[in-house]
Amino acid sequence: MSTRQNFVRLGLKPAVFVLCLLPLLQQVWWAYTGNLGANPIGELTNESGVWSLRLLLATLAITPLRRLTGWGWLISVRRMLGLYAFTYGVLHLAVYWGLNQYFDLSLIAGDLKRPYIITGYLSLLFMVPLAATSTDAMVRRLGRRWQKLHRLVYAVAILGVLHYLLLVKIDFLPPLGYGLALAALLGWRVWAWQIAPRLAPLGRRQQAG
Ligand code: HEM
């Protein structure tokens, strides 16, 4: 096995796995020791939601970072980051259903009229096919359709940011910050995939002329 393969398998992947697990372990520890603050249920809900969004943005940051730095090995942790975003999203939903709504179907259904709840559900719902097709076998089986399907991640992230923007009442700065980060990540893609390839021949023609 090459040095790079060793670095990815024995260093990078286990390190990222543990790092992504830390926020969950911290919440479990704080819940166990009674350190979740004055509103423990709110804390658990918000932390799981915000980590789902952070990891989603981290997943979307891999491609631009790879292109800008030339660090090809970054791709080897993208799937893990995406699956963690999904896991935190599922935990977020479990906390909301169990601790906020006490698994009461009438409460859960009653909340469905709120725009921020609808965008939250849609965001998580769109993550399901992405997680379900994340295995190597599915990538091979779906071929080009896999890439098309995985463009859903943009809708997932936009809905996640919208969910956050719609739920805040006073401090709009944090969701706006995440919105700005997402806009930069999507803007880079528009530039790299749509605009730059069209400008390249023009530049070459100018040089030749
Ligand atoms: C599955 C359906 C979802 C439901 C029912 C849901 C519900 C909630 C609720 C009740 C809150 C707390 C609102 C408050 O404090 O008043 C919340 C906060 C939040 N959720 Fe969700 N959510 C869902 C999905 C998601 C997803 C998929 C993401 C990320 C992509 C997400 C990200 C967030 C964030 C960032 C916060 C705010 C955290 C903070 O204030 O620090 N949620 N959500």
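Reader: How many Å from a nitrogen atom of the ligand does a polar side-chain atom of His 163 lie?

Author: The model is a predicted one, and the value is to be read with that in mind. A pair of N or O atoms counts as a polar contact within 3.5 Å. For His 163, the distance between a polar side-chain atom and a nitrogen atom of the ligand is 2.9 Å.

Reader: Which other residue places a polar side-chain atom 2.7 Å from a nitrogen atom of the ligand?

Author: The residues that come nearest to the ligand, out of 21 around it, are Gly 49, His 92, Gly 120, His 163 and Leu 167. One of these five has a polar side-chain atom 2.7 Å from a ligand nitrogen, and that residue is His 92.

Reader: Which helix supplies the largest share of the shell around the ligand?

Author: Helices H2 (40-69), H3 (78-100), H5 (115-132) and H8 (152-167) are the elements that each give two or more residues to this shell. By class, the shell consists of 11 nonpolar, nine polar and one charged residues. The largest share amounts to seven residues, and the helix that provides them is H5.

Reader: Which pocket corresponds to the space taken by the ligand, and what is the volume of the second largest pocket?

Author: The ligand takes up the space of the second largest pocket. Of the 30 residues lining that pocket, those closest to its centre are Thr 45, Gly 49, His 92, His 163 and Leu 167. The volume of this second largest pocket is about 780 Å³.

Reader: Which element gives the most residues to the lining of the second largest pocket?

Author: The elements giving two or more residues to this lining are H2, H3, H5 and H8. Sorted by class, the lining has 12 nonpolar, 14 polar and four charged residues. The greatest contribution is 10 residues, and the element that makes it is H2.

Reader: How many charged residues are there in the lining of the largest pocket?

Author: The largest pocket has a volume of about 1,100 Å³, and among its 36 lining residues Thr 63, Ile 75, Arg 78, Trp 146 and His 150 are the closest to its centre. Elements that contribute two or more residues to the lining are helix H1 (3-33), H2, H3, H5, helix H6 (136-142), helix H7 (144-149), H8 and helix H9 (173-208). Divided by class, the lining has 16 nonpolar and eight polar residues, while the number of charged residues is 12.

Reader: How far apart in the chain are Arg 79 and Asp 136, the partners of a salt bridge?

Author: The structure holds two salt bridges, and in the one between Arg 79 and Asp 136 the closest N and O atoms are 3.1 Å apart. Arg 79 belongs to helix H3 and Asp 136 to helix H6, so that the pair links distant parts of the chain, with a separation of 57 residues.

Reader: How many helices and how many strands make up the secondary structure of the protein chain?

Author: Along the sequence the chain follows the pattern α-α-α-α-α-α-α-α-α. Its C-alpha atoms fill a box of roughly 70 × 45 × 35 Å along the principal axes. The secondary structure comes to zero strands and nine helices.

Terms used
Residues are numbered from 1 along each chain as its sequence is written. This is a predicted model: local features need pLDDT of at least 70, side-chain atom pairs count only at pLDDT 80 or more; totals for chains, interfaces and linings use all residues. Side-chain values use heavy atoms; hydrogens and water are left out. A residue is near a molecule or strand if one of its heavy atoms lies within 4 Å of it. A polar contact is a pair of N or O atoms within 3.5 Å; within protein, one must be able to donate a hydrogen and the other to accept it, and residues adjacent in sequence count only if both atoms are side-chain atoms. On a 1 Å grid over the protein atoms alone, a cavity is a set of points where a 1.4 Å probe fits but cannot get out, and a pocket is an open set with protein on both sides within 12 Å along at least five of seven lines; lining residues have an atom within 4 Å of a point. A molecule sits in a cavity or pocket if more than half of its atoms lie within 2 Å of its grid points. Helices (H or I, at least four residues) and strands (E, at least two) are DSSP runs, numbered from the N terminus. Ala, Val, Leu, Ile, Met, Phe, Trp, Tyr, Cys and Pro count as nonpolar, Asp, Glu, Lys and Arg as charged, and the others, Gly among them, as polar. Grid points are joined across faces, edges and corners, and a volume is the space filled by probe spheres set on the points. A salt bridge is a side-chain nitrogen of Lys or Arg within 4 Å of a carboxyl oxygen of Asp or Glu.
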